[in-house]
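Subject: A structure for you to look through

Hi there,

Here is the structure I promised to pass on. Please open it and keep it beside you while you read my notes.

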Amino acid sequence: DEMRIRVIVRKRPMSRSESSAAERGEETDVVQPLDHGGYGRVLVHQPRTRLDLTREVETIGFAFDGVFDERSDNRGIYDRSVRGLIPG
């Protein structure tokens, strides 16, 4: 377990243009990070149009060792993910 590779992800904040488009209803924030303490999941919501032109949202989940949202800062991520790996 000591040599295990850990995968940590952080959702980036939406850009100004993405945020503006979302406010106008032209774009949707499709990434939802879920932090469960010792592990995390990211849900990706993919809007789709079916052949009969009905709209639906397909949700796909991905699991990671750690997940941080767009409000997380580098210090917090370091403290929770890296600090324990460095001796001393």
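Does Leu 85 count as buried, partly exposed or exposed, and why? Leu 85 counts as exposed because its relative accessibility is 59%; buried means under 20% relative accessible area, exposed over 50%, and partly exposed in between (1.4 Å probe, protein chains only).

Before going on, two notes on how to read this. This is a predicted model, where local features need pLDDT of at least 70 and side-chain atom pairs count only at pLDDT 80 or more, while totals for chains, interfaces and linings use all residues. Residues are numbered from 1 along each chain as its sequence is written, and side-chain values use heavy atoms, with hydrogens and water left out.

Back to Leu 85. You will find Leu 85 in the segment after helix 2 (74-81); helices (H or I, at least four residues) and strands (E, at least two) are DSSP runs, numbered from the N terminus. Together with Val 82 and Ile 86, Leu 85 makes a nonpolar surface patch of about 270 Å². Patches are made of residues with over 30% relative accessible area and no salt bridge, with like charges joined within 9 Å and nonpolar side chains (Val, Leu, Ile, Met, Phe, Trp, Tyr) within 5 Å. A salt bridge here is a side-chain nitrogen of Lys or Arg within 4 Å of a carboxyl oxygen of Asp or Glu, and accessible areas come from the Shrake-Rupley method with a 1.4 Å probe, counting only the protein chains shown as cover for residues.

Ser 81 belongs to helix 2. Ser 81 is buried, as its relative accessible area is 10%. Leaving aside residues up to four places away in sequence, Ser 81 touches Arg 6, Ile 8 and Phe 68 (contact means heavy atoms within 4.5 Å).

Helix 1 (residues 16-23) holds Ser 19, which is partly exposed at 26% relative accessibility. The C-alpha atoms of Ser 19 and Asp 29 are separated by 8.5 Å, with the two residues 10 apart along the chain.

Three strands form an open sheet in the order 2-3-4, with antiparallel pairing; two strands pair if DSSP finds at least two bridges between them. Strand 2 and strand 4 are the edge strands, each pairing on one side only.

Strand 2 (residues 31-35) and strand 3 (residues 40-49) are joined by five bridges. Across this pair, Val 31 stands opposite Val 44 and Gln 32 stands opposite Leu 43. Their hairpin has four residues between the strands, and Gly 37 there takes a positive phi near 85°.

Strand 3 also pairs with strand 4 (residues 55-64), over 10 bridges. Here Val 44 has Ile 60 as its bridge partner, and Arg 48 stands opposite Glu 56.

What is the phi of Leu 53? Its value is near 70°, which is positive in a residue other than glycine. Most residues other than glycine have a negative phi. Leu 53 sits in the loop between strand 3 and strand 4, a hairpin with five residues between the strands. Leu 53 is exposed, with a relative accessible area of 67%.

Happy exploring!

Best wishes
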